[in-house]
Amino acid sequence: MKLISNISALKNKIREIKRQGKSIGFVPTMGALHEGHISLMRQARKDNDVVIVSIFVNPMQFGPKEDYKKYPRTIQADMKLMAPAGVDIVFTPQAKDIFPDGFRAYVDMSGLTNVMCGKSRPGHFRGVLTVVNKLFNLVEPNIAYFGQKDYQQALLIKQMVRDLDMNLKIKVMPIIREKDGLAMSSRNAYLSPDERRQATCLSRALTKAKMMVIGSEYSSKRIITEMKKVITREKPVRIDYIVIVNTDTLEEISVIKQKVLIALAVFVGKTRLIDNLVV
Ligand code: AMP
């Protein structure tokens, strides 16, 4: 496993890989890795000749009051987790190299960015799309891997690739969970033991919703009401949003007649957690 921090060193390496006609699988991350990230790497290993992972805590996708400074940075532990997953190259650029003084270009999107996480985190997806675009240009992957955990992010990236005729495929992989249902997230590390217990309310609310749909309840309003009950039973939690939306357009759906995305964001203490389910 080779660690590369320098952009021109990465470009040289990519040129060499391309010359050899090898395919590249790419997993962009912000580090503080867990099994969710590793599942993407394993899939990339299966599909490609070379697996490249980036670890970059992207300042552009954090709001001014968000956790950019305290976001966990655990490169030593990350390296240990990645080695057995068959990662070939770990790219760890510096923020000043990715966004040097005078950087002005952005990638943004209309419509899909002003709902759900985009509504609560203005500018977040502009930061995500810009950095992902830049990383794609640097790494030149054949396939890039994203988690369904960040459903809206994966949808926007697929749309960007389509709209801008970018020359790669996007694969979206299932959500990896802890034994008690909590979706794995780097931010789970912020939770106190009590909060960690309360945090299962997200997946419990989704399970409740799923059971209601299976039991032929198709009213989004009634489902969301029951989900809220599951969540507000836990004291120091605050709901950011709960939505039932079209899986492609993210438009809210009042009566469930086809496949829908049920998604939520909840503050457990100061930690904002997200989760979702397609039913
Ligand atoms: P992050 O480091 O949080 O930016 O995540 C990097 C990638 O890992 C994104 O594509 C996420 O959607 C994905 N990911 C994060 N958590 C999980 C999880 N629990 N299961 C599957 N993929 C995940």
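Predicted model: local features only at pLDDT ≥ 70, side-chain atom pairs only at ≥ 80, totals over all residues.
Two strands count as paired here if DSSP finds at least two bridges between them.

Let's start with an open sheet of 3 strands, which come in the order β7-β8-β9 and pair in the antiparallel sense. β7 covers 237–246 and β9 covers 271–278; both stand at the edges with a single partner strand each, so one side of each has no neighbour in the sheet. On average, neighbouring strands here are turned by 15° against each other, ignoring direction.

Now zoom in on one pair. β7 and β8 (residues 260–268) run antiparallel to each other and are joined over 9 bridges.

| Helix | Residues | Lies across | Angle |
|---|---|---|---|
| α9 | residues 201–214 | β8 and β9 | about 25° to β9 |
| α10 | residues 220–232 | β7 and β8 | about 155° to β7 |

Is Glu-234 buried or exposed? Its relative accessibility is 18%, and buried means under 20%, so Glu-234 counts as buried. And which residues does Glu-234 touch, leaving aside those up to four places away in sequence? They are Gln-198, Cys-201 and Arg-204.

Note on methods: Residues numbered from 1 in each chain as written. Heavy atoms only, no water. Helix = DSSP H or I, 4+ residues; strand = E, 2+ residues; numbered from the N terminus. Axes fitted to C-alpha atoms, helices over the stretch in contact; angles between N-to-C directions. Contact = heavy atoms within 4.5 Å. Buried < 20%, exposed > 50% of the residue type's maximum accessible area, 1.4 Å probe, protein only.
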